[in-house]
Amino acid sequence: MPTVRSGPVIGLTAQLAVLATLAATVGLDAAGWLAGVGYAAVTCLALSRGLHLSGASRLGPADRVTLARGVLVGAVTALVVDSFDRPTPVGLLVTLSAVALLLDAVDGQVARRTGTVSALGARFDMEVDAFLILVLSVYVAPAAGSWVLAIGAMRYVFVAASAVLPWLRGALPPRFWRKVVAAAQGVLLTVAAARALGEPWTTLVLVAALALLVESFGRDVAWLWHRRPAPRPARALRPVPTPTLPTATLPVHTTALPVPRPALAARSAGTVRSDWRPR
């Protein structure tokens, strides 16, 4: 029987409690509930599978901080989906997003100070960040333009492309600038979601966010391209030897053939018969 790990289950329970609180205070329609519960269920299953594959029995201290961030992202997801049908409390959405971004700076420090840095924790942290950016871009897009969706979708497009192009799955070297760009996306999208700036300034902020993201992804793609494995040369086919058959020496007959008598007579008379007639 597979072991039931309490960490993901606690996260699922906390997510349901937060959604119930939102429904009782600001209200959630069926679509918001469905989005929040679906997000929580997928997170619980993915985290349980990650713990199983890594052989860990429980979440580390930093993972619990990331799980708390994930619960906040689930609440933001429910509010964004709820905003499709009715106005959503912008102040609450921005506050939840800002707290999730602040906790992003905490889980890394906790992992380093407690010596619990792990590949699972780094992947969990990255997925929570990526989904928050996607959700915020969906919220901002109706007012700023559909092009903003490129900010949230870029990471998932990269993952989809790596399924087709194996060289994109290569290991990238650690780069601090990549983390700065990832954090800037959430901050700039939260500023745009707050609608505190005028339309020209909001557009400028979003253009800057997209430009930073294109530069960061472009540099990583170029690095992977230049270090992609060289294609293996096609193996040359060996020529198949042609079997040689033994040849027999055939006798050559030099006996002259008999010449008809009329031809000899004509040759001796100095005339040559021809069937050609001038016209």
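The axes of helices H5 and H6 (residues 149-164) come within 7 Å and cross at roughly 150°. Axes here are lines fitted to C-alpha atoms, for helices over the stretch in contact, and angles run from 0 to 180 degrees between N-to-C directions. H5 is therefore roughly antiparallel to H6, a label for angles over 145 degrees; under 35 is roughly parallel, 65 to 115 roughly perpendicular and the rest oblique. The crossing is left-handed, meaning that the near helix is turned anticlockwise from the far one by less than a right angle; clockwise would be right-handed. H5 contributes Arg123, Met126, Glu127, Ala130, Phe131, Ile133, Leu134, Ser137, Val138 and Ala141 to the contact. H6 contributes Leu149, Ile151, Gly152, Ala153, Arg155 and Tyr156. Contact means heavy atoms within 4.5 Å. By class, eleven of these residues are nonpolar, two polar and three charged. Nonpolar covers Ala, Val, Leu, Ile, Met, Phe, Trp, Tyr, Cys and Pro; charged covers Asp, Glu, Lys and Arg; the others, Gly among them, are polar.

The model is predicted: local features need pLDDT of at least 70, side-chain atom pairs count only at pLDDT 80 or more, and totals for chains, interfaces and linings use all residues. Residues are numbered from 1 along each chain as its sequence is written, and side-chain values use heavy atoms, with hydrogens and water left out.

H5 (residues 119-144) also packs against H4 (residues 90-114). The angle is about 155°, and the axes lie 11 Å apart. H4 and H5 are therefore roughly antiparallel to each other. Their crossing is left-handed. On H4, the contact is made by Val90, Leu93, Ser97, Ala100, Leu101, Asp104 and Asp107. On H5, Asp125, Asp129, Leu132, Leu136 and Tyr139 take part. Seven residues of this contact are nonpolar, one is polar and four are charged.

The protein as a whole has nine helices and zero strands. Both are DSSP runs numbered from the N terminus: helices are H or I of at least four residues, strands E of at least two. Buried residues make up 33% of the 279 residues. Buried means under 20% relative accessible area, exposed over 50%, and partly exposed in between (1.4 Å probe, protein chains only). Of the contacts with a separation of 6 or more, 79% join residues 24 or more positions apart.

Ser216 lies in helix H8 (residues 199-226). Its relative accessibility is 4%, so Ser216 counts as buried. Beyond its neighbours within four places in sequence, Ser216 is in contact with Arg175, Arg178 and Val181.
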